[in-house]
Structures are given as C-alpha cells and as structure tokens.
Amino acid sequence: MSAATQERMPALYLSHGAPPLADDPIWPGELAAWSAGLPRPKAILMVSAHWEEAPLALGAVEQVPLVYDFWGFPEHYYRVKYDAPGAPALAESVRKLLRAPGIPVQDIPDRGLDHGAYVPLVEMFPEADIPVLQISMPTLDPVRLMEIGRKLAPLRDEGVLIVGSGFFTHNLAALRQGGIPAWSAEFDDWGRGALDSGDVDSLLDFLHKSPVGRLAHPRTEHFAPLFVTMGAADAAGELRDQKSVIDGFWMGLAKRSVQFG
C-alpha cells in the first residue's frame, strides 16, 4: 500500500506490564479497547525498555522463540506464545532510514520479542497476524532517542505503528507492600502535566525537572522509549496532538500510556 493511500498511523508509548498483566482484571481490556480504536497497522515497530544494544540492532525478521527475560514466575508464563510474522520489508526500511556514515545498524537474527514487546501485543493484537519488528535502544540519552524517532517517522505514513514500550514510573526497589507510593503518584502527575503542555524540554531533562525524577526512574530505561515515540510525533508536528489513553496504577507503578496523532 502506498503512502498516498495509507492512513498515517499514530505513535504510541505504553506501559507494558510484567507477564502477570494477563491476569489483571482491568488492564488487558484497556489495551484491547485501545487497539480496537486504531487503524489496522500494516506492521508494528517495537522499541522496548528490555533491549539495550549498541549499535542499534534489528531483531529477528523470521519467527523465532520469544525471549522470556524474567525469573521466578509460575511456569505458565513461560509457555506464552506470540507467533507474529516477521517483517523483513520493514527491517529494510529501517536500515535505510537509520544508516548514515559512521552510524552502523546491526542485525541479530535470532533475537526474539522480549516481554516488553509481546506482553502488550498479546492483549492488543491477539491474533498475532501483523508483522512485528523489534529494534534495540542504542542509548538512553533522550535527545538521541528523539532523533532516532524523527528518522523513523516516515514509516507512519506507510502504515507502520511505532510503539515505545516501557513504564511511566519504574522503581521496583522502592515499592512498598500495597498502596501507591507518593513518588510514583507525583511523577505521574508531573509527567501528565508536561505532556499536556507540550513541555518537551522538561521531559527531556526529567531527572532534574521533576522533583522525584530520580526516585521514579533510578535507571531510565523504562522512560526512554517515550522519546522515540515523541521523535516520531515531532517530525509530523504532532507533539501537542496527544492523549493519555490509559492511566492509573498497577502494583504502585504508573501505567500511563500515551497516543500521539
């Protein structure tokens, strides 16, 4: 389908959940309702908090086993399957958009989808009939990630759904038994305000601009995918055309998930 006839896809940042997301009484339905309201993607490009690799890497373009990158869960979580088609044509487009002199792009053909990719996809596109490509984050620098998103933005006009998958707050060590930690609620409110006002500079410097930035994200890999999504939106002038589709908390973590465009 040509870009001239393909509806531009939105760009998403979602809080992806751990494997027990499937057992939550609310969240799977929220993800399913979100995807039901989207145009059908021609392909999906996933950027997950759980794959950091430099230079930027492209994952498998043929079906390979999922990456069960978690420990200590009941056995049935390790039996989940998501046999989406590979996306070799999308991989070639990504290579062309990202490669530049001195900026290599590598292929890791046996690297399957990790839980940051397949856990939400199982809920959003359970038929597993849309080609999926996962790429790595080569850096956690917000400015560089936004630039990657800008370069990937033309894919949206070719029917590709760009998804940054992380968690709006993520500090497992600071969670307490029950309740919503003050730092999680405060960062969620701060981030919502920054998104609503289009305060890109504050979001890029969230560790310093938010009073609880370092507590909400002691390591920033779960917030970082947001910047790839923002870059893909910025290239189309759509940073202010955003909405929080999912909010609230799960086990004390903010599950805010955002759609641009």
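Trainee: Buried means under 20% relative accessible area and exposed means over 50%. Going by that, is Ala 128 buried or exposed?

Mentor: Ala 128 has a relative accessible area of 13%, so it is buried. Keep in mind that this is a predicted model.

Trainee: How confident is the prediction, then? What does the pLDDT average over the chain?

Mentor: The average is 94, and 98% of the residues score at least 70.

Trainee: Where is the pLDDT below 50?

Mentor: Over residues 1-5. Beyond near neighbours in sequence, that stretch has three contacts in the model.

Trainee: Back to Ala 128. What is its phi?

Mentor: Near 55°, which is a positive value in a residue other than glycine. Ala 128 sits in the loop between helix H3 (115-124) and strand S5 (132-137).

Trainee: And Met 251, what is phi there?

Mentor: Also positive, about 55°, and Met 251 is not a glycine. Its loop is the one between strand S8 (249-250) and strand S9 (253-254).

Trainee: Is Met 251 buried or exposed?

Mentor: Met 251 has 62% relative accessibility, so it counts as exposed.

Trainee: Next topic, peptide bonds. Which residues does a cis peptide bond join?

Mentor: Ala 54 and Pro 55, with omega at about -5°. Pro 55 is in the loop between strand S2 (43-52) and strand S3 (57-58).

Trainee: Staying with S2, what is the relative accessibility of Ser 48?

Mentor: Ser 48, which is in strand S2, has a value of 0%, so it counts as buried.

Trainee: What does the side chain of Ser 48 make a polar contact with?

Mentor: With the side chain of Asp 114, at 2.9 Å. Leaving aside neighbours within four places in sequence, Ser 48 also has contacts that include Gly 116, Gln 134, Ser 165 and Pro 225.

Trainee: Now the core. Which residues in the largest nonpolar core touch the most other members?

Mentor: Leu 45, Tyr 82, Val 94 and Leu 152, out of 78 residues. Helix H9 (residues 225-234) supplies the largest share of this core, six residues.

Trainee: What does Leu 152 touch?

Mentor: Not counting residues up to four places away in sequence, Leu 152 touches Leu 45, Val 94, Leu 97, Leu 98, Ile 135, Ile 162 and Val 228.

Trainee: Which residues are buried in helix H4?

Mentor: Leu 152 is one of them, together with Pro 142, Leu 145, Met 146, Ile 148 and Gly 149; the helix covers residues 142-152.

Trainee: Why would residues three or four places apart point the same way?

Mentor: Because an α-helix has 3.6 residues a turn.

Trainee: Last one, strand S10. Which residues are buried on its faces?

Mentor: S10 is residues 257-260, with Ser 257 and Gln 259 buried on one side and Val 258 and Phe 260 buried on the other, and both faces are covered. In a regular strand, side chains alternate between the two faces of the sheet.

Trainee: How many bridges join strand S1 to S10?

Mentor: Three, and the two strands run antiparallel. Tyr 13, for instance, has Val 258 as its bridge partner in S10.

Trainee: And over how many bridges do strand S7 and S10 pair?

Mentor: Four, again in the antiparallel sense; S7 is residues 242-246. There, the bridge partner of Gln 242 in S10 is Phe 260.

Definitions and conventions. Residues numbered from 1 in each chain as written. Predicted model: local features only at pLDDT ≥ 70, side-chain atom pairs only at ≥ 80, totals over all residues. Heavy atoms only, no water. Core = buried A, V, L, I, M, F, W, Y, C linked by side-chain atoms within 4.5 Å. Buried < 20%, exposed > 50% of the residue type's maximum accessible area, 1.4 Å probe, protein only. Contact = heavy atoms within 4.5 Å. pLDDT = per-residue confidence, 0-100. Polar contact = N/O pair within 3.5 Å; in protein donor to acceptor, adjacent residues only side chain to side chain. Pairing = 2+ DSSP bridges.
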